[in-house]
Amino acid sequence: MTLNTHNAYRQGFPLATALTALVLFMLVAGSARAELLIRITEGADSAIPIAVVPFAESGAMPAGDKVSSIVQANLTMSGEFRPLEPSRMLSLPAQRSEVYFRDWRMLGQRYVLVGQLNRSGDRIEARYELFDVNREQRILGETAGASVNSVRTLAHHISDRVYEAITGDPGVFSTKLAYITLNRTGNDTRYRLQVSDLDGKRARVRLESQEPILSPAWSPDGKQLAYVSFETGKPVVFTHELATGERKKAADFPGLNSAPAWSPDGKSLLLTLSKDGNAEIYRLDIASGNLTRLTNHWAIDTEGAWDHTGKGIFFTSDRSGGPQIYHMERLGAEPKRITFGSRYNARARPDAKGEYVYYVHQRNRAFHIARINLKSGEESVITRTESDESPSVSPNGRMLIYATQRNGTSVLTVVSANGGAAYSLPAADGDVREPAWGPIVR
């Protein structure tokens, strides 16, 4: 039996499904598991040359990755930058007075980042400066601090600030990923809901079960996840407070309870429910528990997602004969079909700017991730793999993560939003699927 509405559409199974076996689940927030691996698979020809100079250090630094190494890896991972290898640098400046712009121009660099780390007790302070090489100007100069146990947090913060100073868009290196891993050992099957840094590091298990966990979705403040769990023998939607581990049932109606999506204000959830006999989109007010039915059609309506205004929704429906994406401009308005490029388009994921919607698209028997320009209506395929699902858009709209198959194993792949650079995040052991990109939390 399939485990989510997307696969149900793909393989022809009915949406409403129930499992009969009871499960044993464990709340294990705070226990560490194997981190995801990271493999850069494709770079972008237009990547910006930047030199991230190893930061000077004063005081004993914690073992492990260096701050500048993490920053360099983050910028590489975005696909928009091409950092210079430290071994090719002619000097290792730590402050403005030591930067000789001619040397960096000779090396073809457009930007250079320098910095110093100072340890005082259990705190590390970073002073860093970013320079435009051609203009010979400082475009960023700041001080940031963190505990000695939070070096990665400090490095992600610096990466975000550098990214924003150059591109004008906020960086997303401090955001989190939620995803599901699946491990099979003999007759034992384990589903684990995990949360990690964007690069797969510092992974933590939030829920473990012998039965499926699906569709993790972030609250806009990054403090909660909603997801579907089969632990009671049927699909039930839970909300989960990450700091405390507290879980609450959000939807446990007869039939299907699936596809949760938080509203931009965090006060309600979109849900797909079949409690009235057919799969329809509902809005659940979290505080009161009140339900509002948003679609009413003989066809299957599922996979609701809020548009960038927070007033309308996108959803998948087969009312035209096969799965297509529809837009309801405001709640209660007549839905309009927006995808026409193939007989199968599902699981809409709009960007935060209202420019594009990403979705799963079938072409020549393969499943890719495509996007549609909402203004022009132009549809384009942006992935080169062939069994792609579960797209999730970065909060700045410049990157996309999705699940795909590689050598018979499910992995996560991140691509730039135009389909350029890419990197993969396979699990160290088992499959990884159902990615959800967390919000920017200030």
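The legends below describe close-up views of a predicted model.

**View 1. The largest nonpolar core, with 46 residues.** Among its members, V67, L113, I158 and V162 touch the most others. Helix α4 (residues 151-167) supplies the largest share, 7 residues. Because domain 1 (39-167) and domain 2 (176-438) both give residues to this core, it lies between them.

**View 2. Surroundings of I158.** Apart from neighbours within four places in sequence, I158 is in contact with F55, V67, V71, L113, A126 and Y128. Another core, of 15 residues, lies apart from the largest one; L193, W218, Y227 and V236 are among its members.

**View 3. The aromatic pair of F101 and F131.** The structure holds 7 aromatic pairs. In this one, the centres are 5.9 Å apart and the planes are at 75°, an edge-to-face arrangement. F101 belongs to helix α3 (residues 101-106) and F131 to strand β8 (residues 123-132), so the pair ties together parts 30 residues apart in sequence. F101 is buried, with a relative accessible area of 5%, and F131 is buried at 0%.

**View 4. The aromatic pair of Y344 and F367.** The ring centres lie 5.2 Å apart with the planes at 85°, so the pair is edge-to-face. Y344 is in the loop between β24 (336-337) and β25 (345-350), while F367 is in strand β27 (residues 366-373); the pair therefore ties together parts 23 residues apart in sequence. Y344 is buried, with a relative accessible area of 3%; F367 is buried at 9%.

**View 5. Arginines over aromatic rings.** R247 lies over the face of F238, 4.2 Å from the ring centre. The charged end of R319 is placed over the ring of Y326, at 5.4 Å from its centre.

How values were computed
Residues are numbered from 1 along each chain as its sequence is written. This is a predicted model: local features need pLDDT of at least 70, side-chain atom pairs count only at pLDDT 80 or more; totals for chains, interfaces and linings use all residues. Side-chain values use heavy atoms; hydrogens and water are left out. A nonpolar core is a set of buried Ala, Val, Leu, Ile, Met, Phe, Trp, Tyr and Cys residues joined through side-chain atoms within 4.5 Å. Buried means under 20% relative accessible area, exposed over 50%, partly exposed in between (1.4 Å probe, protein chains only). Helices (H or I, at least four residues) and strands (E, at least two) are DSSP runs, numbered from the N terminus. Domain bounds come from an automatic or database domain assignment. Contact means heavy atoms within 4.5 Å. Rings of Phe, Tyr and Trp (its six-membered ring) pair if their centres lie within 6.5 Å; planes under 30 degrees apart count as stacked, over 60 as edge-to-face and the rest as tilted. A charge sits over a ring if NZ of Lys or CZ of Arg is within 6 Å of the ring centre and within 35 degrees of the ring normal.
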